[in-house]
Amino acid sequence: MSALFKEHPLPEEVDGNKSSKKPLPEELLVMPANLRILEFIGLWGSWDNFYRFVVLFLYAFSIIFLPKLVDGIGSSDSAAIIKGIAEFVFEASIYVPIVIFAVKRRTFEKLMDEFEDFFRKVTIDENFGACYDIIVDQNNKIKTFFKFYLVYCLSAPFAYSIPSLFGNHVHYWTRGNTTEPLILELPAEQEFYGMQIRTSFSQYHYFLAISVPAHCVSTLFSLLKITTAFFMIKYSSLTYRVVAARVQKLAQLEEITISDLAEVVELHEQAFQITELVEEMGHIPIAMEFLTCIVYWCLTMLYASTRIDFNLFNVMVLFFASLMETFGYSYLGSDLTNSADAVGEAVYDLPWYEHSVELQRYYKLIIRRTQRSTCISGIKFFVVELTTFSNVMNMSYSYYLVLKDVLNTM
């Protein structure tokens, strides 16, 4: 295919590809808000700032995840154990993917370069006005979603901690002179390096003072993990929509030339390469999310059937976060497949059978590619689509019924 392009160079290749050196205008930038946050925490830009990510990760990991891993949950109550395991699974679905992202940073940088190069190619000419509008419209929707999810993430750590803090203060100041031991509710079920955070009012507040910032860091990681993965998949779908729009533009031309078709073939090939990079970045975290959500949803239903209290609110906060993320992957996976298929449909609508053999060679390249399924998978084991989300929900409920029967017989 590369030899084919060399025989018929595109206009920007002829003039030395000067246009590709121009920076993208602000409205065409690829997930700028994500990149600014990633740069702030050391996962984008200069590698000299990578220590920031290490410090933040170790802080949150040592406050939230490690104590539960080493000391356990610290309660013999069945509901607390269920809640603690569910939280552990949810936390693992944050820390493991962010580490994978840090390891695959080079791949992510290459992906961002591919997106920017693609956007330059399809917006350098006045004939690409439709492509420009598609990208700007998508960027506006992405900005809206990011703002919405940012507000959710900013409020989540406090919504997770305040109910138990309020309940503990009410219990502490109204308990009177009773000799009944004080048992404090924790935002998350865990021990903390031998401290008496369940019985000591002062140690509880010390723990809360250092754990809430740690939860904020974890929420920041969750924000980046979800929005970056979502936007990568959505931008990949966008490239196919742009290619389909370019193919539809060919139908309006009086005469289709070899350079026109070569340009479309190159854009289509680049869109496929972008999808491969997205797959490389996300297939392990996505598979992990689908696996952990089955466990988490099962445990959430089990907790709700066991006890209804303040802690159920905390469990539901995490439940809806997991629900949205799993559904988001499924929806975007289906959208990517449909967008890729739209390129083939657009090509079939052209009168390709009336053109010369030379032009049909280019048509065949596109048609042959569209005949292969384009999708996002979980570790190459399952395809991420809406039917997968339905299957996950059914599996979670089935496992919940089995687990409930087992616990009832114990």
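1. Which side chains meet in a salt bridge at 3.1 Å, N to O, Glu325 being one of them? The partner of Glu325 is Lys225. Glu325 belongs to helix H10 (residues 310-348) and Lys225 to helix H8, so this pair ties together parts that are 100 residues apart in sequence. Glu325 is buried, at a relative accessible area of 4%. Lys225 is buried as well, with 10%. The model discussed here is a predicted one.

2. Other salt bridges share partners. Lys68, Lys83, Glu87 and Glu91 are joined in this way into one network. The structure as a whole holds 16 salt bridges.

3. Helix H6 has charged pairs within its own length. Glu109 forms a salt bridge with Arg105, and the closest N and O atoms are 3.1 Å apart. These two residues both lie in H6, four residues apart, which is about one turn of the helix. Both Glu109 and Arg105 are buried. In general, an α-helix has 3.6 residues a turn, so residues three or four places apart point the same way.

4. Glu109 has a salt bridge with Arg106 too, where the closest N and O atoms are 3.7 Å apart. Arg106 and Glu109 are separated by about one helical turn, because they are three residues apart in helix H6. Is each of them buried or exposed? Arg106 counts as exposed because its relative accessibility is 55%. Glu109 is buried, since its relative accessible area is 16%.

5. Glu114 deserves a separate point. This residue is found in helix H6, which covers residues 105-121. Glu114 is buried yet has no salt bridge. The nearest side chain of opposite charge is that of Lys110, 5.8 Å away, whereas a salt bridge requires the nitrogen and the carboxyl oxygen to be within 4 Å. Leaving aside neighbours within four places in sequence, Glu114 is in contact with Gln270, Gln273, Ile274 and Leu277.

6. Helix H4 runs over residues 50-71 and has 22 residues. From its first C-alpha to its last it reaches 30 Å, close to the 32 Å expected at 1.5 Å a residue. Where does H4 bend by about 50°? The bend is at Ser62. After the helix comes Gly72, with a positive phi near 85°.

7. Which residues of H4 are buried? They are Phe53, Phe57, Ala60, Ile63, Ile64, Phe65, Pro67 and Lys68. The buried residues of H4 pack against H8 and against helix H5 (78-103). Lys68 is also one of the residues in the salt-bridge network of point 2.

8. Aromatic rings also link H4 to H5. The count of aromatic pairs comes to 34. In one of them, Phe61 and Tyr95, the ring centres are 6.0 Å apart and the planes stand at 85°, so the pair is edge-to-face. Phe61 lies in helix H4 and Tyr95 in helix H5, so the pair ties together parts that are 34 residues apart in sequence. Phe61 counts as partly exposed because its relative accessibility is 22%. Tyr95, at 3% relative accessibility, counts as buried.

9. Phe65 is in helix H4 and Tyr95 in helix H5, so the contact ties together parts that are 30 residues apart in sequence. At 9% relative accessibility, Phe65 counts as buried.

10. The last point concerns a loop. Leu184 is found in the loop between helix H7 (129-174) and helix H8 (201-250). Why does Leu184 count as buried? Its relative accessibility is 2%. Leu184 and Ile197 are 13 residues apart in sequence, and their C-alpha atoms are 7.6 Å apart in space. Setting aside neighbours within four places in sequence, Leu184 is in contact with Asn168, Ile197, Arg198, Ser200, Phe201 and Tyr204.

Notes
Residues are numbered from 1 along each chain as its sequence is written. This is a predicted model: local features need pLDDT of at least 70, side-chain atom pairs count only at pLDDT 80 or more; totals for chains, interfaces and linings use all residues. Side-chain values use heavy atoms; hydrogens and water are left out. Buried means under 20% relative accessible area, exposed over 50%, partly exposed in between (1.4 Å probe, protein chains only). Lys and Arg count as positive and Asp and Glu as negative; His and the chain ends are not counted. Contact means heavy atoms within 4.5 Å. The expected span of a helix is 1.5 Å times one less than its number of residues. The bend at a residue is the angle between axes fitted to the seven residues ending there and the seven starting there. Rings of Phe, Tyr and Trp (its six-membered ring) pair if their centres lie within 6.5 Å; planes under 30 degrees apart count as stacked, over 60 as edge-to-face and the rest as tilted.
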